[in-house]
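Here is a short tour of a structure, meant to be read with the model open beside you. Please take a look before reading on.

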Amino acid sequence: MHELLAKSDRQLGMCLRMLYDEGLTGPLELKSAINSKGKMEFRVVVPVEDAEFEKLKRRFETMIG
C-alpha cells in the first residue's frame, strides 16, 4: 500500500478529486494526524501497483506545487 500526504484541507480535496478522476472510486482509507508543528495532515492510502502510484504521486505533487 502507498500513501499520498496532504498537508491541508485544500490538498486533501485535490487529492481525492484526482483519485476519483483516475478511477479509484471505492472507499479509500484516510488517516489523519497532528504533525510535529501542531498542524493537521492527512494520509490517503492508495491501493495500486508501484508504477501506477509513481504516476499518481507525480501528478499530485504537480497539482499542489
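This is a predicted model: local features need pLDDT of at least 70, side-chain atom pairs count only at pLDDT 80 or more; totals for chains, interfaces and linings use all residues.

Residues are numbered from 1 along each chain as its sequence is written, and side-chain values use heavy atoms, with hydrogens and water left out. Helices (H or I, at least four residues) and strands (E, at least two) are DSSP runs, numbered from the N terminus.

**The sheet**

- Three strands make up an open sheet in the order E1-E3-E2, with antiparallel pairing; two strands count as paired if DSSP finds at least two bridges between them.
- E1 and E2 (30-34) are at the edges with a single partner strand each, so one side of each has no neighbour in the sheet.
- From one strand to the next, the twist averages 25°; angles here run from 0 to 180 degrees between N-to-C directions, and axes are lines fitted to C-alpha atoms, for helices over the stretch in contact.
- In general, the strands of a sheet pair through backbone hydrogen bonds, either parallel or antiparallel.
- E1 (residues 2-6) pairs with E3 (residues 40-46) in the antiparallel sense over five bridges.
- Across that pairing, glutamate 3 has valine 45 as its bridge partner, leucine 5 is opposite arginine 43, and alanine 6 is opposite phenylalanine 42.
- E2 and E3 run antiparallel too, joined by five bridges, and leucine 30 is opposite valine 44 in E3.
- The E2-E3 pair forms a hairpin with five residues between the strands, and glycine 38 in the turn has a positive phi of about 85°.

**Faces and burial in the strands**

- In a regular strand, side chains alternate between the two faces of the sheet.
- Buried means under 20% relative accessible area, exposed over 50%, and partly exposed in between (1.4 Å probe, protein chains only).
- E3 is largely enclosed by the rest of the structure, because five of its seven residues are buried.

**The helices**

- Two packed helices are described by the angle between their axes and the distance between the axes.
- For H1 (residues 9-21) and H2 (residues 50-64), the axes come within 10 Å and cross at roughly 140°.
- H1 and H2 are therefore oblique to each other; angles under 35 degrees count as roughly parallel, over 145 as roughly antiparallel, 65 to 115 as roughly perpendicular and the rest as oblique.
- The crossing of H1 and H2 is right-handed, the term for a near helix turned clockwise from the far one by less than a right angle, with left-handed for anticlockwise.
- On the H1 side, Gln11, Met14, Cys15, Met18, Leu19 and Asp21 meet Leu56, Arg59, Phe60, Met63 and Ile64 of H2.
- The residues of this H1-H2 contact comprise eight nonpolar, one polar and two charged; Ala, Val, Leu, Ile, Met, Phe, Trp, Tyr, Cys and Pro count as nonpolar, Asp, Glu, Lys and Arg as charged, and the others, Gly among them, as polar.
- H1 lies across E1, E2 and E3, at about 10° to E3, while H2 lies across E1 and E3, at about 5° to E1.

- Valine 44, in strand E3, counts as buried at 1% relative accessibility. Leaving aside neighbours within four places in sequence, valine 44 is in contact (heavy atoms within 4.5 Å) with residues including Leu4, Leu12, Leu16 and Leu28.
- Glutamate 41 also belongs to strand E3 and is buried, with a relative accessible area of 13%. Not counting residues up to four places away in sequence, glutamate 41 touches Leu5, Ala6, Lys7, Lys31, Ser32, Ala33 and Asn35.
- Leucine 56, in helix H2, is buried at 0% relative accessibility. Beyond its neighbours within four places in sequence, leucine 56 contacts Met18, Leu19, Glu22, Leu24, Val46 and Val48.
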